[in-house]
Amino acid sequence: MTVRPIRFYGDPVLRTPAEQITVVDDRIRSLVTDLLDTTALDGRAGVAAPQIGVGLAAFSYNIDGQTGYVLNPVLESTWGEVEEIDEGCLSVPGLWNKTPRYEHARVTGIDLDGEPVVLEGSGLMAQMLQHETDHLRGVVYIDTLAPEHRKEAMREIRGSEWFAPATPSAGSAKASAFGRTSL
């Protein structure tokens, strides 16, 4: 079991759009194993490859006992009302904010065999799908906050003990902050 350290906000890999996976080889199989192992820890709903320092389009998830991964995921559709949902992120440990998310989401991609994968859901699944595909576009959830909330979040981040701008993290985020599930 290989649990990879989580990269923290300020690490440039979190701001760089992930590259599509063009060839599935042993390196990609190992990446998927590491993503699944890293997401398996308590309190983790999903982990995108950039969060473990890999700039490739892949994420893993662990929602209500359902685990899996998607390569080259595309957020195909969102629908329903936009709700302000309490959201956190392993790359921004200890910070929780009301984040605008659609009620329902659908992601398509492929698996290690190149077969189509479709993930669709509401609630935490929809939130995770939107959150992880944002990571693959170089977007961290605080970027989606209203300006006044983003300003306060940035103040909290700059004052945190883990924040080091533009420096890769040597440690990993806590598995769960305040007993909540982090995306």
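Which residue forms a salt bridge with D143? The partner is R150, and the closest N and O atoms of the two are 3.0 Å apart; a salt bridge here is a side-chain nitrogen of Lys or Arg within 4 Å of a carboxyl oxygen of Asp or Glu. The model is a predicted one, in which local features need pLDDT of at least 70, side-chain atom pairs count only at pLDDT 80 or more, and totals for chains, interfaces and linings use all residues. Residues are numbered from 1 along each chain as its sequence is written, and side-chain values use heavy atoms, with hydrogens and water left out.

Back to that pair. D143 counts as partly exposed at 25% relative accessibility, and R150 is also partly exposed, with a relative accessible area of 27% (buried means under 20%, exposed over 50%, partly exposed in between, with a 1.4 Å probe and protein chains only). Over the whole structure, the search turns up 11 salt bridges.

Another of these pairs R4 with D34, with 2.9 Å between the closest N and O atoms. This one links distant parts of the chain, since R4 sits in the segment before α1 and D34 in helix α1, 30 residues apart (helices are DSSP runs of H or I with at least four residues, strands are runs of E with at least two, and both are numbered from the N terminus). R4 is partly exposed at 24% relative accessibility, whereas D34, at 9%, counts as buried. R106 and E76 also meet through their side chains in a salt bridge, at 3.4 Å from N to O. R106 belongs to strand β4 and E76 to strand β3, so this pair ties together parts that are 30 residues apart in sequence. Both are partly exposed: R106 has a relative accessible area of 26% and E76 one of 48%.

Now for the sheet. Five strands make up an open sheet in the order β1-β2-β3-β4-β5, with antiparallel pairing; two strands pair if DSSP finds at least two bridges between them. Strands β1 and β5 (116–122) stand at the edges with a single partner strand each, so one side of each has no neighbour in the sheet. On average, neighbouring strands are turned by 45° against each other, direction ignored (axes are lines fitted to C-alpha atoms, for helices over the stretch in contact, and angles run from 0 to 180 degrees between N-to-C directions).

Going through the pairings, β2 and β3 are joined by six bridges, and F59 stands opposite V70 in β3. Their hairpin has two residues between the strands, with D64 taking a positive phi near 50°. Between β3 and β4 there are 13 bridges; here E84 faces P100 in β4, and C89 has V92 as its bridge partner. These two strands also form a hairpin, with two residues between them. Strand β4 (residues 92–110) is joined to β5 by seven bridges. V107 stands opposite L119, and G109 has V117 as its bridge partner. The β4–β5 hairpin has five residues between the strands, and G114 in the turn has a positive phi of about 80°. Helix α2 (residues 124–136) lies across β1, β2 (58–63), β3 (66–89), β4 and β5, and runs at about 95° to β4.

What about R44? This residue is in the loop between α1 (26–39) and β1 (46–48). R44 is buried yet has no salt bridge, and the nearest side chain of opposite charge, D42, is 9.3 Å away (Lys and Arg count as positive, Asp and Glu as negative, while His and the chain ends are not counted). A polar atom of the R44 side chain does lie 2.9 Å from the backbone oxygen of T38. T38 is in helix α1 and counts as buried, at 0% relative accessibility. Leaving aside neighbours within four places in sequence, T38 is in contact with T2, V3, R4, I6, R44, V47 and I52, where contact means heavy atoms within 4.5 Å.

I142 is found in the loop between α2 and α3 (147–158) and also counts as buried, at 0% relative accessibility. Not counting residues up to four places away in sequence, I142 touches Y9, L95, R150, A153, M154 and I157. I142 and G88 are 54 residues apart in sequence, with 9.0 Å from C-alpha to C-alpha in space.

Key:
A polar contact is a pair of N or O atoms within 3.5 Å; within protein, one must be able to donate a hydrogen and the other to accept it, and residues adjacent in sequence count only if both atoms are side-chain atoms.
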